[in-house]
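Here is a briefing on one structure.

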Amino acid sequence: MNSPVLTQTTRWPAPAKLNLFLYITGRRPNGYHDLQTLFQFLDHSDTLTITANNSNDITITPAIEGVPTEENLIYRAADALRKAAGIEAGADIHIDKILPMGGGLGGGSSDAATTLVALNYLWQTKLSVEQLAEIGLALGADVPVFVRGVSAFAEGVGEQLQPAQPEEKWYLVAKPDVSIATVDIFTHPDLTRDSEKRSLNALLAGTYENDCEKIVRRLHPEVDKALSWLLEYAPSRLTGTGACVFAEFSTHREAIATLDKLPNWLHGFVAKGVNTSPLLTALSTLSSDGQ
């Protein structure tokens, strides 16, 4: 069936996230890991420019070399939404990509979530946040966090979410010139898998750590070098399974001052941690404007 489509061109943020802490509390017989992690968004985003239409075609620019359009996560998100809603609709999607791929910032998952949220609005499919999150979970474990748009404490394999309100600090995020495969970290025999399971209040009151960091630093000297440099200036750690590392600051001025000292073998940016996703803010603005 066809759906009424809002055909205007709109721009949507697909923000980065940080894992402020990450603890692995067990390993399941199927190889998946139980974890406890705290997600917070950054006001630093890819941007998707989307024009919805009734063509039943989904186009994505620019193309990713070596990746067929049908395998692009953005396309898969749009197609999954279309099928779940039982509609025929299309869209032209252009992405301005600034988040590094494979950096632990959730860029691909965020792009997919923004596609779901934006096209749900533009195609007027009226699916609930819960339904969008369910579609997103089939695309990637982190997608529901971005769909819901609020900072969250995650348990289980990452699918059990509850809203959280960590302090909104300033972060210097840096990426060494290295690519890290998540599977290599989670299958490593020396990975910590027995961290104590604690309440959110206890975790928030403690010192934040990442159980993957020790293995990543051992396997990737570039990450070890980057963290050693950042730790001279502020509390710093790995996000997710890397390769990005981040240092936290109380003020923008402190973060920028350290960014200005960043050595030429590191690339980085400064961003604010936010507990309401820029995507949710954009949706609320469009909805209140009646567009």
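## Asparagine 275 and the basis of the model

Asparagine 275 sits in the loop that runs between strand 10 (267–274) and helix 10 (278–289). Helices (H or I, at least four residues) and strands (E, at least two) are DSSP runs, numbered from the N terminus. This is a predicted model, in which local features need pLDDT of at least 70, side-chain atom pairs count only at pLDDT 80 or more, and totals for chains, interfaces and linings use all residues. Residues are numbered from 1 along each chain as its sequence is written, and side-chain values use heavy atoms, with hydrogens and water left out.

- Asparagine 275 is buried, at 4% relative accessibility. Buried means under 20% relative accessible area, exposed over 50%, and partly exposed in between (1.4 Å probe, protein chains only).
- Not counting residues up to four places away in sequence, asparagine 275 touches Gln40, Phe41, Gly149, Val150, Ser151, Ala164, Gln165, Pro166 and Glu168. Contact here means heavy atoms within 4.5 Å.
- Asparagine 275 and isoleucine 185 are 90 residues apart along the chain, and 28 Å separates their C-alpha atoms.

**Other loop residues**

- Glycine 102 belongs to the loop between strand 4 (90–96) and helix 2. Its relative accessibility is 42%, so glycine 102 counts as partly exposed.
- Glycine 102 and isoleucine 180 are 78 residues apart in sequence, yet their C-alpha atoms are 6.6 Å apart in space.
- Ile180, Gly242 and Ala243 are in contact with glycine 102, leaving aside its neighbours within four places in sequence.
- Asparagine 72 occupies the loop between strand 3 (58–61) and helix 1. At 10% relative accessibility, asparagine 72 is buried.
- Leaving aside neighbours within four places in sequence, asparagine 72 is in contact with Ile60, Ile64 and Val67.

**Backbone geometry**

- Most residues other than glycine have a negative phi, and most peptide bonds are trans.
- The peptide bond from threonine 61 to proline 62 is cis, with omega near -10°. Proline 62 is placed in the loop between strand 3 and helix 1.
- The peptide bond from glycine 242 to alanine 243 is also cis. Its omega is near 15°. Alanine 243 is in the loop between strand 8 (236–238) and strand 9 (245–249).
- Asparagine 56 has a positive phi, near 70°. This residue is in the loop between strand 2 (33–53) and strand 3. Asparagine 56 is partly exposed, at 33% relative accessibility.
- Lysine 126 has a positive phi, near 60°. Its loop lies between helix 2 and helix 3 (129–137). With a relative accessible area of 67%, lysine 126 is exposed.

**Nonpolar cores**

- In soluble globular proteins, nonpolar side chains tend to be buried together.
- The largest nonpolar core has 43 residues. A nonpolar core is a set of buried Ala, Val, Leu, Ile, Met, Phe, Trp, Tyr and Cys residues joined through side-chain atoms within 4.5 Å.
- Ile50, Leu116, Leu119 and Trp123 have the most contacts inside this largest core.
- Helix 2 (residues 107–122) supplies the largest share of this core, eight residues.
- Another core of 28 residues lies apart from it, and includes Val178, Phe186, Ile215 and Ala247.

**Helix 1 against helix 2**

- Helix 1 (residues 73–85) and helix 2 pack at an angle of about 35°, with 8 Å between their axes. Axes are lines fitted to C-alpha atoms, for helices over the stretch in contact, and angles run from 0 to 180 degrees between N-to-C directions.
- From helix 1, the contact uses Leu73, Ile74, Ala77, Ala78 and Leu81.
- From helix 2, the contact uses Gly108, Ser109, Asp111, Ala112, Thr115, Leu116, Leu119 and Asn120.
- By class, the contact has eight nonpolar, four polar and one charged residues. Ala, Val, Leu, Ile, Met, Phe, Trp, Tyr, Cys and Pro count as nonpolar, Asp, Glu, Lys and Arg as charged, and the others, Gly among them, as polar.

**Cysteines**

- The structure holds zero disulfides, a disulfide being a pair of cysteine sulfur atoms within 2.5 Å.
- Cysteine 212 is in no disulfide, and the nearest cysteine sulfur, that of cysteine 244, is 14 Å away.
- Cysteine 212 is buried, at 0% relative accessibility.
- Cysteine 244 is buried, with a relative accessible area of 1%.
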